[in-house]
Structure formats: C-alpha cells, structure tokens
Amino acid sequence: MWWGLRCALTFLGDLLLSDGMGDPGDPWTVEKRFRVTEVFLAILWCLASAYLSYFFTDCLMSRWLLFYTPSATVVRLLTTDALIAYITNCVLYLSGASQDPRMLLPAWVSIATTLTMLYHLTHRKINIRKETSASKFVFSVASFLSLCTLLLQLHLTRDNDPTVPLFEMMRQAWVLIHRALHVQAACT
C-alpha cells in the first residue's frame, strides 16, 4: 500500500504540475508524456503485485491451516508479509526507483514477475486451478496494457508516421467535445 501511494503521488505530481516550464495548460513535452506513462504503468504493476501477493499468501495460508494451528499460521503469514515488504523495499532501493521515478516501472515489473514465479513454484504440487488462472490473468492483463500503452506512446512521439484514421477520428472527436464544453460553459 505504501509503495502504491508513492507511485500515485508521483503520477499526480507529473500529471498536474508543469515542471516549471510555462503554463500547466501548455502541451506536454515528449519527456513528460513518457514520464507520466511510465509512472501510470508502474501503478498498474504495483496493483498487479499487490494482487499476486494476496494470492501467494492466501494459498500458503490455506495450506498451512491444514497442518498448523491458527496462531502458528498467523505468525507464518506475518513473517511472510514482512519478508515480502522488506524484499520489495530492497528491490525499489537497489533499482534506483526511490530516487528516480523513471525506474519505478522496471522495478515493479521485476517484483510482479518474481511474485508470479514464486507463486507457481510454491503451488506447483497443489491443484488450485482458480488461483493459478487468476495469477496468470493478472500478469497477462498488466503485460498487455503495458505493451499497448508503450506502443501508443511510441507512435504518438514519432513525427514521420503516416496518419492513422482511427487516431485522427479520435483527435477530431476530442476537439469537437472540447469545443462543445467551452460553448456550453460560455452560455452558462
């Protein structure tokens, strides 16, 4: 939760503040668009990591409750959560994400990848289809959204690309909506 809050505040700061380069309403520079995209995707991967961490500890708890008392299971869960929090903090620090928000995305992708591998290694012998498919789904959705967002960002920053009709229609629709809102605001 703590690390997701840091990502969200960085995202809001990048989104709302102008970096001291003119009016906040001015068009964004390419670097600012990439930075906002990277931090947004870092938030997505942070949420995926939280979800995967929940499934990891939930399945461990289910298995531990079969063999240990509830109090011993709680101690094991607290120890596992503390270990995950410590390793997450170390990965964020060692990747440089605590100093530079541009490093948040690779750090959170590596954390989510590690949690997915740990989940599948520890739950290989148990037949839990629901949680396994859910962990694959979370990882797949985060990967797909990251890929699409980065490809879109890459496309939007190129100057020599041919015009894509869908993007042109969306841009024109946005301009029409923006004008309609300004006309409506002026009338009231």
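This is a predicted model: local features need pLDDT of at least 70, side-chain atom pairs count only at pLDDT 80 or more; totals for chains, interfaces and linings use all residues.

User: Which element has the lowest mean pLDDT, and which the highest?

Analyst: Helix α1, residues 2–16, has the lowest mean, at 64. Helix α3, residues 70–94, has the highest, at 90.

User: How many aromatic pairs are there?

Analyst: The structure holds two.

User: Why is the pair of Y51 and F55 called edge-to-face?

Analyst: Two values settle the matter. The ring centres are 4.9 Å apart, and a pair needs centres within 6.5 Å. The planes stand at 85°, and over 60 degrees counts as edge-to-face. So Y51 and F55 are an edge-to-face pair.

User: What separates Y51 and F55 along the helix?

Analyst: About one helical turn, because they are four residues apart in helix α2, residues 30–67. Y51 and F55 also form one aromatic cluster with Y54.

User: How do you know that the charge of R76 sits over the ring of Y68?

Analyst: The charged end of R76 is 3.7 Å from the centre of that ring. The distance limit is 6 Å, and the charge must also be within 35 degrees of the ring normal. R76 also lies over the face of W64, at 5.9 Å from the ring centre.

User: Why is T73 called buried?

Analyst: T73 has a relative accessible area of 2%. The cut-off is under 20%, so T73 is buried. T73 is in helix α3. Leaving aside neighbours within four places in sequence, T73 is in contact with M61, W64, L65 and Y68.

User: What makes up the largest nonpolar core?

Analyst: This core has 26 residues. W45, L92, L104 and W108 have the most contacts inside it. Helices α2, α3, α4 (104–122) and α5 (129–157) each give two or more residues. The largest share, 12 residues, comes from α2.

User: Which residues does W45 contact?

Analyst: Beyond neighbours within four places in sequence, the contacts of W45 include L105, W108, V109 and F139.

Terms used
Residues are numbered from 1 along each chain as its sequence is written. Side-chain values use heavy atoms; hydrogens and water are left out. Rings of Phe, Tyr and Trp (its six-membered ring) pair if their centres lie within 6.5 Å; planes under 30 degrees apart count as stacked, over 60 as edge-to-face and the rest as tilted. pLDDT is the predictor's confidence in each residue, from 0 to 100. A nonpolar core is a set of buried Ala, Val, Leu, Ile, Met, Phe, Trp, Tyr and Cys residues joined through side-chain atoms within 4.5 Å. Buried means under 20% relative accessible area, exposed over 50%, partly exposed in between (1.4 Å probe, protein chains only). Contact means heavy atoms within 4.5 Å.
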